[in-house]
Amino acid sequence: MTTAESRPNASAQDPGAAPRRTASVKSHQIHRHRGEGQWAKGHFTPLNGNEQVKKDDDGLNVRARIENIYAHRGFDSIDGADLRGRMRWWGLYTQRRPGIDGGRTAVLEPEELDDKYFMLRVRIDGGRLTLAQLRAIATVSTDYARGTADITDRQNIQLHWIRIEDVPTIWKILEGVGLSTTEACGDVPRVILGSPVAGVSKDEILDGTPAIEAINERFIGSREFSNLPRKFKTAISGLQDVVHEANDISFVGVVHPEHGPGFDLWVGGGLSTNPQFAKRLGAWIPLAEVPEVWAGVAGIFRDYGYRRLRNRARLKFLMADWGPARFREVLETEYLKRGLIDGPAPAFVPPTERDHVGVHEQKDGNFYVGFAPRVGRVDGPTLAKIADLAEAAGSERIRTTADQKMLILDVPRDRVEPLVEALAALDLQVRPSVFRRHTMACTGIEFCKLAIVETKALASDVIDELEKRLPDFDTPVTVNVNGCPNSCARIQTADIGLKGQLVRNKDGEQVEGFQVHLGGHFGSDLDDEGSFGRKVRGLKVTASELPDYIERVLKNFQAGRHEGESFAQ
Ligand code: SF4
């Protein structure tokens, strides 16, 4: 196991730390043995620019420079490695310069794509927000982000148009109510997904919140995991409402026949390019041991994860090479120094029943009310109104979901319907059409530097069109619109997954469009770990043809469906 002293950025920043192991290794030996750049094998020499930036200085250290230098001297004073690298460790990405079309995404230099504004990602672990926290985000959105606010499919809220000069003030506002942007982006443990109905659901096996809080307290923002090969995504839930199949590590509620409620451990999931579902290690983890096991798996990723190529640096590639049996063995022998208890697989919950939209009774007799903003897009004033409506309904707790939705918890029965109506007046529907409910979209070309096509506005128009054209269609169908192959809105696990790219229209002109993936889904039962949507060879649609195309697919499905058949079957 790699020790803190032997890790590259530990010695880079800490004058008292032991010298790096690489100091005594001759350069020809490094080249001969560099392999995948795994620290556990002594390969500490950075093999690409990203690894060099992380070795030169820990990403967490950029905060001091933002507060003491960049916020005073402005955008142009920002060091390039900080601007396009380390600032992510504090949730800041430069956003795309307006007016650059998708055809130029791959050919322009980063500085030509960069706007002088930032996206700021607010980390909302477990999707848990108090009214004060929601109001603080609303204030930041309204006062410093031109009103923007997008709920992501990882329970975060992203703000745009952020000026570097305002960042210290924004942190003061957010941190004043217990929110943070620490490690919201970057090669670090990202936000921890958690059930939005943890502690209130009648169906949950156990409440994972204490584990989320413990991991946050002990490991987020610590130097122990501030230089991972790439991002590390976590999900912990006593239900199955946090896409556990698609995270680097997931703890899924399960009842052990002898030991009772605990978690089933899944490792190595990830979508993007080369998608892979997480693998069960067959281990049952009690709640109190989740942080230790989480740190063990994060440690394996840090020490054995591949660092040579960015596109092979996610944990899923190590899992693909090792397999779950070897992974568990390394975890037990090298990291935990003890065996784990074997455990059963959790019973399957269909993905379309995981989003919590609608009115549901809690175990205390109150209700939670889940509603669907359009493709996750809200704004500062709307967030403030949601807080007011929740308060008027007797609630103090708001939740975000992994499906770009929001919930208000703890609503007494007699205040439910007035709340439902008040939310509808804000176009936040508690009983939305299947199209509104099951359509997601990533950020797309409006702000994302990797995007090839526009997504949010298009997806919103598609919802309107389908609601008009197919008013009686009631089968849940997931439509996920992505601006590039990176799958931030889960292309491969949607019934209709759309991957943004330039396509030819019928006049032969290059226009925005999508490669279509059909029939993706998470596991349908215990013997089926799920399947990724089939890329329909040659099937590409232009953005303007999208409503017609989806309408045709759904009408064909309707015409040929059997009673009770879902779209994925
Ligand atoms: Fe950006 Fe691509 Fe992710 Fe969409 S899928 S947010 S375009 S990186």
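**A guided reading of the predicted fold**

The model is a predicted one. An unreviewed UniProt entry places the annotation "domain: Nitrite/sulphite reductase 4Fe-4S" on residues 186–336 and 437–561.

Six strands make up an open sheet with mixed pairing, in the order β6-β7-β8-β9-β10-β11. Its edges are β6 (189–194) and β11 (341–342), each of which pairs on one side only. Within this sheet, β9 (residues 260–267) and β10 (residues 279–285) are antiparallel and are paired over four bridges. One point of reference is W266, whose bridge partner in β10 is R280.

Helix α9, residues 209–219, lies across β6, β7 (232–237) and β8 (249–256), and runs at about 165° to β6. Helix α10, residues 290–304, lies across β6, β7, β8, β9 and β10, with a direction at about 160° to that of β7.

A further sheet is open and antiparallel, and its five strands follow the order β1-β2-β5-β4-β14. Here the edge strands are β1 (92–96) and β14 (377–379), each pairing on one side only. On average, neighbouring strands of this sheet are turned by 35° against each other, direction ignored. Strands β4 (residues 148–151) and β5 (residues 157–162) run antiparallel and are joined by two bridges; D150 has Q158, in β5, as its bridge partner.

This five-stranded sheet also carries helices. Helix α7 (residues 131–144) packs on the sheet and touches β2 (114–122), β4, β5 and β14, its direction making about 20° with that of β5. Helix α12 (residues 380–392) packs on the sheet as well, where it touches β4 and β14; the direction of α12 makes about 85° with that of β14.

Attention may now turn to the ligand. The residues surrounding the ligand are C442, T443, G444, C448, L450, A451, N482, G483, C484, N486, S487 and C488. By class, this shell comprises six nonpolar and six polar residues, and no charged residues.

It remains to consider the chain as a whole. The chain contains 16 helices and 23 strands. Its radius of gyration is 23 Å, close to the 25 Å that the globule rule gives for 569 residues, and the chain is therefore as compact as a globular protein of that length. Along the principal axes, the C-alpha trace spans about 70 × 60 × 50 Å.

Terms used:
Residues numbered from 1 in each chain as written. Predicted model: local features only at pLDDT ≥ 70, side-chain atom pairs only at ≥ 80, totals over all residues. Near = placed C-beta within 6 Å. Nonpolar A, V, L, I, M, F, W, Y, C, P; charged D, E, K, R; others polar. UniProt positions renumbered as here; feature names shortened; annotations may be inferred. Pairing = 2+ DSSP bridges. Contact = placed C-beta atoms within 7 Å. Axes fitted to C-alpha atoms, helices over the stretch in contact; angles between N-to-C directions. Rg over C-alpha atoms; globule rule 2.2 N^0.38 Å.
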